[in-house]
Amino acid sequence: MASEREDFSLSGPLHLTVVDWTDAHHRRSVAASLVQGVYILERDRQLKRQGPEALANPWWEFFHFRLLRKLVDDVDSSIFGAIYEFKPPISCSNHSLDKSPRYVIAFRGTVTKPDSFSRDLELDIHIIRNGLHETSRFEIGIQAIRNVVATVGESNVWLAGHSLGAAMAMLAGKTMAKTGVLIQAFLFNSPFLSAPIERIKDKRVKHGLRIAGSVITAGLAFAATVKKNNQNSRSVDPFSALSAWIPSIFVNPGDHICSEYIGYFEHRKKMDDIGIGAIERLATQNSIGGLIMGAIGKESEPLHLIPSAILTTNLTPSRDFKEAHGIHQWWRPDLDVQSKLYRYQ
């Protein structure tokens with residue numbers, strides 16, 4: 001998806017000289033900074049910056065993390081992710097340390113420089129066609145996650161990602177959740193591929209379009225379920241194994257790549273309020289595109305469909321799309337955010 005802003009002079013959350021791991025703003029800022037560290041690692045590689053010239057290290061060292069491993073794409077050798085280990089000073093007596101992660105696995109988004117752009121764009125296209133799970137980059141990422149979880153346990157691991165990287169972390173989290181492994185995830189500007197209904201200003205028109213979309217999607221989903229049952233095929237509810245996983249999703253209304261998450265979750269509540277929640281519970285598990293692909297024998301589960309989440313919306317006005325989509329907004333000390341828990345019933 002669209003890239004992080006190519007301004008690496010932006011400073012991080014220097015105000016967080018002491019991290020309170022129970023504070024949502026602190027946790028979000030650290031997770032975003034570690035994702036930014038992956039962006040800088042890749043830029044250091046492209047510009048051949050090494051040793052004192054490298055700029056990436058402060059993004060994790062400031063919070064007492066160390067870089068344990070770089071995740072490298074096997075196609076273009078670009079750095080797309082990193083595994084960080086938290087190593088607080090021995091003298092640290094922070095009462096909130098029991099809420100801190102031992103490891104964070106972070107993924108960057110698209111970088112628009114020649115050395116990695118073509119490969120990143122290829123991954124973006126895989127997201128659009130719901131084929132990210134088929135890529136070697138995802139296989140490298142998910143295997144790294146499995147190895148860390150197997151070593152230290154799921155409760156000690158965080159996932160974090162921005163844009164394309166958020167899609168990677170989302171898919172990895174969903175994949176692990178289906179096996180009963182629930183990993184805390186911080187998903188910044190995660191792609192939601194749908195018609196941009198959220199950008200419509202007229203609330204009545206917007207709500208009407210969402211209701212119509214839900215009715216059509218639910219009807220197609222019901223027909224597909226009946227067809228499967230008639231063929232003696234076991235029908236599986238893709239949400240049943242996912243509803244207990246509650247990732248933290250961070251969106252900006254000015255970013256059309258992720259803003260549809262706002263309407264996706266709010267619409268579900270509105271449908272319950274007007275007494276037709278059953279239709280939305282069926283519709284929210286499916287997409288029209290996914291159902292059409294299934295009808296022609298190409299089953300694909302849309303990446304963005306998720307049962308439960310803590311949705312955090314940045315209410316601070318953005319000057320342009322780059323600012324609305326950038327990772328840097330998420331560590332601002334003056335950020336005006338609204339967070340809501342949406343739990344699938």
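Strands S5 (residues 184-188) and S6 pair in the parallel sense, over three bridges. This is a predicted model. One link in that pairing joins Phe186 to its bridge partner in S6, Ser248. S6 also pairs with strand S7 (residues 309-314): the two run parallel and are joined by four bridges. Here Phe250 has Thr312 of S7 as its bridge partner.

| Strand pair | Sense | Bridges |
|---|---|---|
| S5 and S6 | parallel | three bridges |
| S6 and S7 | parallel | four bridges |

Now look at the side chains of S6. In a regular strand, side chains alternate between the two faces of the sheet. Are the residues of S6 (residues 248-251) buried or exposed? Both faces are covered. Ser248 and Phe250 are buried on one side, and Ile249 and Val251 are buried on the other.

Helix H3 (residues 114-128) gives another picture. Its 15 residues, at 1.5 Å a residue, should span 21 Å. The C-alpha atoms at its ends lie 22 Å apart, which agrees. Its buried residues are Ser116, Arg119, Asp120, Leu123, Asp124, His126 and Ile127. Seen down the helix axis, the buried residues fall within an arc of 155°, so they line one face of H3. An α-helix has 3.6 residues a turn, so residues three or four places apart point the same way.

What covers the buried residues of H3? The cover includes helix H1 (24-46), helix H4 (136-152) and helix H5 (164-177). On the other side of H3, Pro114, Ser118 and Ile128 are exposed. After the helix comes Asn130, with a positive phi near 55°.

Terms used:
Residues are numbered from 1 along each chain as its sequence is written. This is a predicted model: local features need pLDDT of at least 70, side-chain atom pairs count only at pLDDT 80 or more; totals for chains, interfaces and linings use all residues. Side-chain values use heavy atoms; hydrogens and water are left out. Buried means under 20% relative accessible area, exposed over 50%, partly exposed in between (1.4 Å probe, protein chains only). Two strands pair if DSSP finds at least two bridges between them. The expected span of a helix is 1.5 Å times one less than its number of residues. The arc is that of the directions from the helix axis to the C-beta atoms. Contact means heavy atoms within 4.5 Å.
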